[in-house]
Amino acid sequence: QVQLVESGGGLVQPGGSLRLSCAASGSIFSRNPMGWYRQAPRKQREFVAVITNDGITNYANSVKGRFTISRDNAKNTVYLQMNSLKPEDTAVYYCSHYGTGAWGQGTQVTVSS
């Protein structure tokens, strides 16, 4: 069983940056893709980014060029660097472990002046 804990959310002004972290327990972390998703108020959860176990990445069109997903398998941690943030990026951000379907509890990101 994999447990995921997100951190790093907060309030930031438009144009600002945040880095989210997702720490995973369990020895199978490094063998599976990890993803970030987000859910804005009154909207469905949507895909943001994914990284495979060997570092191949893919992004939603809405975040391409602004967000970067990375992972440190030695630390069982996946990151989401978010730059040039916009108000429409406001959401609860969740990480997901593709091998087990585990989800974290989410971390709130609010982009507002």
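The largest nonpolar core of this predicted model has 27 residues, and those with the most contacts inside it are Trp36, Leu80, Met82 and Tyr93. By nonpolar core I mean a set of buried Ala, Val, Leu, Ile, Met, Phe, Trp, Tyr and Cys residues joined through side-chain atoms within 4.5 Å. Buried, in turn, stands for under 20% relative accessible area, exposed for over 50%, and partly exposed for the range in between, with a 1.4 Å probe and protein chains only. At least two residues of this core come from each of strands S3 (18-24), S4, S5, S7 (67-72), S8, S9 and S11 (107-111). S3 gives the largest share, four residues. Strands here are DSSP runs of E with at least two residues, and helices are runs of H or I with at least four, numbered from the N terminus.

A word on conventions. Residues are numbered from 1 along each chain as its sequence is written, and side-chain values use heavy atoms, with hydrogens and water left out. As the model is predicted, local features need pLDDT of at least 70 and side-chain atom pairs count only at pLDDT 80 or more, while totals for chains, interfaces and linings use all residues.

A search of the whole structure finds one disulfide, defined as a pair of cysteine sulfur atoms within 2.5 Å. Cysteine 22 and cysteine 95 form it, with their sulfur atoms 1.9 Å apart. The pair links distant parts of the chain, since cysteine 22 is in strand S3 and cysteine 95 in strand S9, 73 residues apart. The link is right-handed, with 55° about the S-S bond, and both cysteine 22 and cysteine 95 are buried.

Serine 21 also lies in strand S3. Its relative accessible area is 17%, so serine 21 is buried. Leaving aside residues up to four places away in sequence, serine 21 touches Val5, Glu6, Ser7, Trp36, Thr77, Val78 and Tyr79, where contact means heavy atoms within 4.5 Å.

I turn now to charged side chains. A salt bridge is taken as a side-chain nitrogen of Lys or Arg within 4 Å of a carboxyl oxygen of Asp or Glu, and by this rule the count comes to three. Which residues are linked in a network of salt bridges? They are Arg38, Glu46, Arg66 and Asp89.

Glutamate 46 pairs with arginine 38, the closest N and O atoms being 2.7 Å apart. Glutamate 46 is partly exposed at 36% relative accessible area, whereas arginine 38 counts as buried at 6%. Arginine 38 also meets aspartate 89, at 2.9 Å from N to O. Because aspartate 89 lies in the loop between S8 and S9 and arginine 38 in strand S4, the pair ties together parts that are 51 residues apart in sequence. Aspartate 89 is buried, with a relative accessible area of 1%.

The side chain of aspartate 89 meets that of arginine 66 as well, at 2.7 Å from N to O. Arginine 66 is in the loop between strand S6 (57-59) and S7, so this pair ties together parts that are 23 residues apart in sequence. Both aspartate 89 and arginine 66 are buried.

Finally, the backbone. Arginine 42, although not a glycine, has a positive phi of about 65°. It is found in the loop between strand S4 (34-39) and strand S5 (46-51), and arginine 42 is exposed, at 84% relative accessible area. Serine 84, likewise not a glycine, has a positive phi of about 50°. Serine 84 is in the loop between strand S8 (77-82) and strand S9 (91-97) and is partly exposed, at 42%.
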